[in-house]
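Please look through the structure shown here with attention to its helices and its charged side chains.

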Amino acid sequence: MEHRRLSDNEFEQLWQETEARGKAHRLSAEFPQWQQRRQRSLAAVAMLTVGVAVAVPMLSHNTSDCRFDNVYCNRTDTGASQWADLAAIMLKEA
């Protein structure tokens, strides 16, 4: 059996191929878990985005812009101004 000495370039090439095979095997084995984590992360980001999109308009709603010009009551002996004053007092306390 004849033994041939490898050149530095041949040795380096064989070393890189062997290393690449090991990494490729490890990556292919870990891919399903990685994909699952990625999908969970994307779902969490999507839920957070939807939550912010719903919460921001609700939290930024300014009640001082709302006007209550009309008051309706089925009691005819009580004036509308009395109910408007009562509503104003209740809104200030809240």
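This is a predicted model: local features need pLDDT of at least 70, side-chain atom pairs count only at pLDDT 80 or more; totals for chains, interfaces and linings use all residues.

Side chains of opposite charge can pair when their charged atoms come close. An α-helix has 3.6 residues a turn, so residues three or four places apart point the same way.

Start with E17 and R21, whose side chains form a salt bridge with an N to O distance of 3.9 Å. Both residues belong to helix α1, which covers residues 8-59, and they sit four residues apart, about one turn of the helix. E17 is partly exposed at 35% relative accessible area, while R21 is exposed at 55%, because the cut-off for exposed is over 50%.

The pair K23 and E19 is also bridged, with the closest N and O atoms 3.7 Å apart. These two residues are again in α1 with a spacing of four residues, about one turn of the helix. K23 has a relative accessible area of 45% and is partly exposed; E19, at 40%, is partly exposed as well.

In the salt bridge between R26 and E30, the closest N and O atoms are 3.6 Å apart. R26 and E30 lie in α1, four residues apart, about one turn of the helix. R26 counts as partly exposed at 46%, and E30 counts as partly exposed at 40%.

Helix α2 spans residues 80-93. At 1.5 Å a residue, its 14 residues should span 20 Å, and the C-alpha atoms at its ends are 20 Å apart, so the two values agree. α2 is hardly covered: among its 14 residues, the count of buried ones is zero.

Conventions:
Residues are numbered from 1 along each chain as its sequence is written. Side-chain values use heavy atoms; hydrogens and water are left out. The expected span of a helix is 1.5 Å times one less than its number of residues. Buried means under 20% relative accessible area, exposed over 50%, partly exposed in between (1.4 Å probe, protein chains only). A salt bridge is a side-chain nitrogen of Lys or Arg within 4 Å of a carboxyl oxygen of Asp or Glu.
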